[in-house]
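Student: I have not looked at this structure before. Could we go through a few of its details by question and answer?

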Amino acid sequence: MRERRRIGRDIWALSFATFINRATGFLGLFAAIFFSETGMTATTVAVALLIVGVAGVGGSLLGGQLADRFGKVPVLLGSTLINVVLFAILAMIDYTQTWWVVGISAVSVMASQAFVGPASALVAQSTDGRDRVTRFAFYRIFINVGSIVAPAMVGLIGRDHFDTLFWFSMVGSVIVPLILLAGVRPRRPDSGASPGTQDTSEQDPGEAVPPTPGLRWVLLLVYVAMALTMVVYAQHQSAVPLRLDTEPNGVQLYSLLLIINPVIVIAVEYPLSYVTKRMPAQVALALGVVIMGTGITITGSFASVAVIAIVGWVLFSIGECIFAPMSNSYVADLSTQADQSRSQGRLAAFQSVGAALGPGIGSWMLLLLAGGAWIGFLVLTLVSALLVLFARAAHSSSARRQRVRASR
């Protein structure tokens with residue numbers, strides 16, 4: 001039992017490397033501010049952000065494809081080393097060269113997103129079955145802390161010193177490969193899980209199901225469900241602040257909520273994973289989505305009552321703690337060993353699309369439907385949860401038919 005729960009050297013190294021990646025990843029978080037600071041017009045900034053967004057989605061897909069073909073560690077190293085050069089160029093380039101800046105930024109974001117699929121696949125292959133949930137929860141601690149450090153560094157250095165920030169990004173991109181080389185043992189693209197991984201015979205029979213011809217469609221349903229989930233999740237950056245802005249002291253309340261969320265996620269997600277991993281994967285994932293969406297709905301609907309709004313935000317944060325690691329684990333359960341990076345990359349791509357479209361959709365719904373928008377977000381939440389449950393039912397039915405045919 002101790003071996004099953006032990007976090008191996010590979011995951012520690014990958015987690016620290018991801019932390020450095022996120023803590024110095026200023027371009028992805030502050031692209032809009034960076035482009036504005038270069039003197040671009042509002043229209044050019046919008047086009048630049050669209051290009052960068054498309055590049056990010058493409059990077060997620062490309063990273064997964066390359067990792068399944070050439071190996072996960074080589075893609076992690078390659079994508080990071082490419083950024084060493086790109087961040088150095090961004091630190092030195094003349095920012096009046098608008099389209100050069102946009103092009104280099106897009107390639108940098110693509111390289112950064114290519115890191116996501118292989119990294120998630122390494123976490124997925126470090127263990128089997130239920131313990132994947134806790135591994136992903138552990139890994140996400142470093143992602144979330146890194147995502148807090150980056151804005152803090154921007155606040156300390158100043159948003160008008162992006163050249164200095166990019167030098168920090170370059171240094172981070174130098175450190176990451178050193179950590180990976182020291183701690184992560186490379187494997188062949190078709191190799192199995194890490195040493196110490198549980199034998200699949202120890203897995204809960206209800207957790208993983210054998211590949212079937214309908215697997216691709218089942219995964220597609222899960223990807224779509226997670227994209228819709230991210231549309232709802234993105235309202236913490238869109239509809240919620242817009243709604244709170246209409247209330248007295250709403251800005252102060254939103255600032256408090258932004259502190260509450262990462263504190264809960266960092267403190268609760270990992271221990272909570274020991275509870276959720278004992279639930280059927282599809283039920284836990286759907287439950288997390290519903291709790292998150294319900295929290296968003298409560299906060300937006302009762303924004304005028306601070307206490308209720310905070311309760312809703314706590315629910316939103318707890319829902320995130322459940323569905324975020326479970327989504328990666330569930331996709332890993334539904335994927336073959338040979339397709340882990342590709343599947344995780346596709347999940348990241350669909351989630352990126354949902355997160356990118358979410359703020360615009362939320363603002364439009366709030367302006368068009370006013371208070372009715374919150375019911376709309378709840379409906380999207382329920383659709384996402386039902387898609388997850390339907391995908392599992394469809395896959396189980398397909399697996400049963402496959403076994404029946406094989407037994408004849």
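This is a predicted model: local features need pLDDT of at least 70, side-chain atom pairs count only at pLDDT 80 or more; totals for chains, interfaces and linings use all residues.

Student: Which kind of pair do F34 and Y95 form?
Tutor: A pair of aromatic rings is described by the distance of the centres and the angle of the planes. For F34 and Y95 the centres are 5.4 Å apart and the planes are at 85°. Planes over 60 degrees apart have their own class, so this pair is edge-to-face.

Student: How many residues apart in sequence are the parts that this pair of F34 and Y95 ties together?
Tutor: F34 is in helix α3 (residues 26-37). Y95 is in the loop between α5 (72-92) and α6 (98-113). The pair therefore ties together parts whose separation in sequence is 61 residues.

Student: Is F34 buried or exposed?
Tutor: The cut-off for buried is under 20% relative accessible area. F34 has a relative accessibility of 1%, whereas Y95, at 21%, counts as partly exposed. F34 therefore counts as buried.

Student: Which helices do Y233 and F323 lie in?
Tutor: Y233 and F323 form an edge-to-face pair, with 6.3 Å from centre to centre and 75° between the planes. Y233 is buried at 15% relative accessibility, and F323 is buried at 3%. The pair ties together parts 90 residues apart in sequence, because Y233 lies in α10 (residues 215-233) and F323 in α14 (residues 306-334).

Student: What distance separates the end C-alpha atoms of helix α2?
Tutor: Helix α2 (residues 9-23) has 15 residues. At 1.5 Å a residue it should span 21 Å. The distance between its end C-alpha atoms agrees with this, at 21 Å.

Student: What covers the buried residues of α2?
Tutor: The buried residues of α2 include D10, I11, A13 and L14. Among the elements that cover the buried residues of α2 are α3, α5, α7 (116-124), α8 (131-157) and α9 (162-183).

Student: Which residues is S384 in contact with, leaving aside its neighbours within four places in sequence?
Tutor: S384 is placed in helix α16 (residues 373-407). Its relative accessible area is 0%, so S384 is buried. With those neighbours left aside, S384 is in contact with A225, L228, T229 and V289.

Definitions and conventions: Residues are numbered from 1 along each chain as its sequence is written. Side-chain values use heavy atoms; hydrogens and water are left out. Rings of Phe, Tyr and Trp (its six-membered ring) pair if their centres lie within 6.5 Å; planes under 30 degrees apart count as stacked, over 60 as edge-to-face and the rest as tilted. Helices (H or I, at least four residues) and strands (E, at least two) are DSSP runs, numbered from the N terminus. Buried means under 20% relative accessible area, exposed over 50%, partly exposed in between (1.4 Å probe, protein chains only). The expected span of a helix is 1.5 Å times one less than its number of residues. Contact means heavy atoms within 4.5 Å.
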